[in-house]
Amino acid sequence: MNHKAILLLIYSTLFLTLACENVENFDEVEQPRFEGHYAIGKKISAPANLKVVTFNIEFALEIESAIEELGTDENLKGADVIFLQEMDEVGTDAIAKELDYNYVYYPSNKNKNDQLFGLAILSKWPLTNDEKIQLPHTTPINNRKRIAITAETVVGEKVIRLYNIHPGTLSLPKAHRREQFESLVKHLRIIELSQDVDHAIIAGDFNTDKSVDIEYLVNLYGEEGFIWASEEVGPTWQKFSGLAKFTLDHIFSRGLILSAAGKPESTQASDHLPVWVDLEF
């Protein structure tokens, strides 16, 4: 077995081990839903640049570490919008409350230990018109359904459509994972029938373990006018970092100009590195 095959086996085994217990899916689109309004009343002027962060905080286990890093790292602190994956309602509220964010949180499932598992969007600005998007297909080994969530935020006079997504892992067939990527395009096109969507951001943990998956993703969203804002960031998954380099986490933007992007060298909060980008209107 060659080196690449060994790495793939390790990677596959890890995800299958983490996903071996059945979960309770939440099939209703409108619930469960959680929100918080900790940025209300804060005097925030419209920024020249929009700082965006995406962070998969592994099963919401190290929330205190995440708060510390998001609040003190020079390139993460003061972000205008944060996309969080693998979150529960308690961890989401704690981060938002400590760092003064508004948030909306939707869980996709409940794990066997009764912990919620889902996605959150945090913003220094009000969040409106939020929605949960059920992604097609379930993970065969544990019947876990995946979701994306979306909301609008208004920065100054600019309306920005936000999408947070966490598709399935490589245990799902490639064609099924691509259909999950495509769900956001379908949703965006529906919105565009009734309103202009000049500014939009898609971010999350895409589980793109292969370069061909990234290429498909970049082309898919590129056809809708999105740039791959985090292109230069590189690998974002820390497990077995000495052996394998996987770029799982991405940020795409439309109607905004990229001025900078990056990631911390390490994190104590997760197996994923947070990714940040600075965007200009």
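The model on display is a predicted one. Gln-115 is found in the loop that joins strand 5 (102–110) and strand 6 (116–123). Its relative accessibility is 17%, and it therefore counts as buried, the cut-off being under 20%.

Next, select helix 2, residues 63–72. Its buried residues are Ile-63, Ala-66, Ile-67, Glu-69 and Leu-70.

Proceed to helix 4, which comprises residues 174–192. From first C-alpha to last, its 19 residues reach 28 Å, close to the expected 27 Å. Centre the view on Phe-181, where helix 4 has a kink of about 25°. Phe-181 is also one of the buried residues of this helix, which include Arg-177, Arg-178, Leu-184, His-187 and Ile-191. Against the buried residues of helix 4 pack strand 7 (127–138), strand 8 (145–155), strand 9 (158–165), strand 10 (199–205), helix 5 (211–222) and strand 12 (249–254).

From that group, take strand 10 and select Ala-200 within it. Ala-200 has 0% relative accessibility and so counts as buried. Beyond its neighbours within four places in sequence, Ala-200 is in contact with Ile-160, Arg-161, Phe-226, Phe-252, Ser-253, Arg-254 and Leu-256. Finally, display the C-alpha atoms of Ala-200 and Ile-160: they are 5.2 Å apart in space, although 40 residues separate the two in sequence.

Note on methods:
Residues numbered from 1 in each chain as written. Predicted model: local features only at pLDDT ≥ 70, side-chain atom pairs only at ≥ 80, totals over all residues. Heavy atoms only, no water. Buried < 20%, exposed > 50% of the residue type's maximum accessible area, 1.4 Å probe, protein only. Helix = DSSP H or I, 4+ residues; strand = E, 2+ residues; numbered from the N terminus. Expected span 1.5 Å × (residues − 1). Bend = angle between axes of the 7 residues up to and from the residue. Contact = heavy atoms within 4.5 Å.
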